[in-house]
Amino acid sequence: MKKILFVASEGVPFIKTGGLADVVGSLPKYIDKEYYDVRVFIPEYACMKQELRDKLQYVSHFYMDFNWQNVYVGIMEAVEGGVHYYFLDNKAYFSGSKVYNDDPRYEIERYSYFCKAVLSALPIIGFKPDLIHCHDWQTGLIPVYLKERFQGNEFYRGIKSVITIHNLKFQGKWDVKTVQNITGLSSYYFTPDKLEAYKDANLLKGGLVFADAITTVSNTYAEEIKTPFYGEGLDGLLRARSNDLRGIVNGIDYTDFNPETDKNIAARYNASNFRKEKVKNKRALQEELGLKADDKKMMIGIVSRLTDQKGLDLIAYVMDELCQDDIQLVVLGTGEERYENMFRHFDWKYGDKVSANIFYSDALSHKIYASCDAFLMPSLFEPCGLSQLMALRYGTVPIVRETGGLKDTVQPYNEFEGTGTGFSFVNYNAHEMLSAIRYAERIYYDRKREWNKIVDRAMAADFSWKVSAGKYQEMYDWLIG
């Protein structure tokens, strides 16, 4: 039995701010229990829901030397969905009303503490992993500490590490002197071939240098991040480590996202009856949101963080033009104020066509996936993206830009070969996006049978975790031997 420990800053169902939590919460459930003992370590945040906190059991506690002090480390545990979770308890570091803090220096201190405390806790919980699977910069110090202070201890010898990049934009950077002080690492580690990058200390870089392997969440993104445009200053290092870098596309939980059993939607449906049943969801949503009731009108959905990364500037640029088309647009999400206000403005200006829902609601997101005909996701960069996978699952045709995971998961429609699961455009250009949307409109209105075949193929695509889990298992076997 091979032992794998996932370490991350969030994981469903306990705590979630984004796609990282979905991966950390879902992937372990799909790894083959016969051959692998997979456990998860996350912080115990005060902002976790009370009913989830009530599931936690006390395991043990100890004190550890960190940042020139003797610091408390509490360990809690829970079993959820057949997976064993451990939680790191320290009220001083994890008590805020939200998961992440706006002070980068403080973030570096608390996640440095988290990395050291997780490693220190392993002998106490009696779990010696063959491999530690780290996620994003918050766990970047684990591979570093493993090779540095823990290597001298017999218990830690031979433990391998892999780090997964979910979003390269966030790296955990601060000045070298402060980080050296907090982490207790010697100056040997703060050189350009290790943790130092452009005069700063960089925790993600530490993980990328010292981990035994690196993964990211799609094949295309794995190639893109070796280039200056997508590499966020680390492209040189990623090129140097390209033999140890692989892309494995994320999956989604096919039990949570299933139009046949979804409790959030007005009418359940599947691949064989969607032609009749899916439209009932559109009717219900039009009524709920005060849009003009019309079965035949093409409805386009957007469920997104409202930021530049998600291509919102492209949408803003052609929004007036798009609203002249015979469509309805349903938006759900929060983010930058200018985009929130832009959608509110168009909701006011074209009330029967545009519905701006500037908040987040899990239930409404499911309704949008089930009701819309198409789903718009014109990202500037997209490591993997989960929304387009949910859209495919619900037979809502994605319109995407060919970048990262969007390129790997959405096959562009080819009317001559009768292939494809969505529509795409290549250049980051508002009018190129608009012409992709209008091409989709044309097929939807003038060639309905063709459109329904695209939906058939979309719903037949398999992006369940089963497929991705198999690829992770191959990598674990390759590393552990």
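For the charge count, Lys and Arg are taken as positive and Asp and Glu as negative, while His and the chain ends are left out, and each charge is placed at NZ of Lys, CZ of Arg, CG of Asp or CD of Glu. On that basis the protein chain carries 59 positive and 65 negative side chains, and the centres of the two sets are 2 Å apart. This is a predicted model, in which local features need pLDDT of at least 70 and side-chain atom pairs count only at pLDDT 80 or more, whereas totals for chains, interfaces and linings use all residues. Residues are numbered from 1 along each chain as its sequence is written, and side-chain values use heavy atoms, with hydrogens and water left out.

**The whole chain**

Select the protein chain and colour it by secondary structure: there are 19 helices and 18 strands, where helices (H or I, at least four residues) and strands (E, at least two) are DSSP runs numbered from the N terminus. The C-alpha trace spans about 70 × 45 × 40 Å along its principal axes. The radius of gyration, taken over C-alpha atoms, is compared with a globule rule of 2.2 Å times the number of residues to the power 0.38; for 481 residues a compact globule would have a value near 23 Å, and the 23 Å of the protein chain agrees with this.

Now switch to a surface. The protein chain exposes about 19300 Å², of which carbon and sulfur atoms supply 50%, with areas from the Shrake-Rupley method and a 1.4 Å probe, only the protein chains shown counting as cover for residues. Buried residues make up 60% of the 481, where buried means under 20% relative accessible area, exposed over 50%, and partly exposed in between (1.4 Å probe, protein chains only).

**Select R110**

R110 lies in helix α4, residues 104-125, and counts as buried because its relative accessibility is 4%. Leaving aside residues up to four places away in sequence, R110 touches Y45, Y93, F94, V99, Y100 and N101, a contact being heavy atoms within 4.5 Å. A polar atom of the R110 side chain lies 2.9 Å from the backbone oxygen of Y93.

**Select Y369, then T396**

Which backbone oxygen does the side chain of T396 reach? It is that of Y369, at 2.4 Å. T396 is found in the loop between α15 (387-393) and β17 (397-401), and T396 is buried because its relative accessible area is 0%. Among the residues that T396 touches, not counting those up to four places away in sequence, are K278, C372, D373 and F375.

Next select D136, in the loop between β6 (131-135) and α5 (141-147); phi of D136 is near 65°, a positive value in a residue other than glycine. Is D136 buried or exposed? D136 counts as buried, because its relative accessibility is 10%.

End at Y198, in the loop between β9 (196-197) and β10 (200-202), where phi is near 50°, again positive in a residue other than glycine. Y198 is exposed, because its relative accessible area is 65%.

Technical notes
A polar contact is a pair of N or O atoms within 3.5 Å; within protein, one must be able to donate a hydrogen and the other to accept it, and residues adjacent in sequence count only if both atoms are side-chain atoms.
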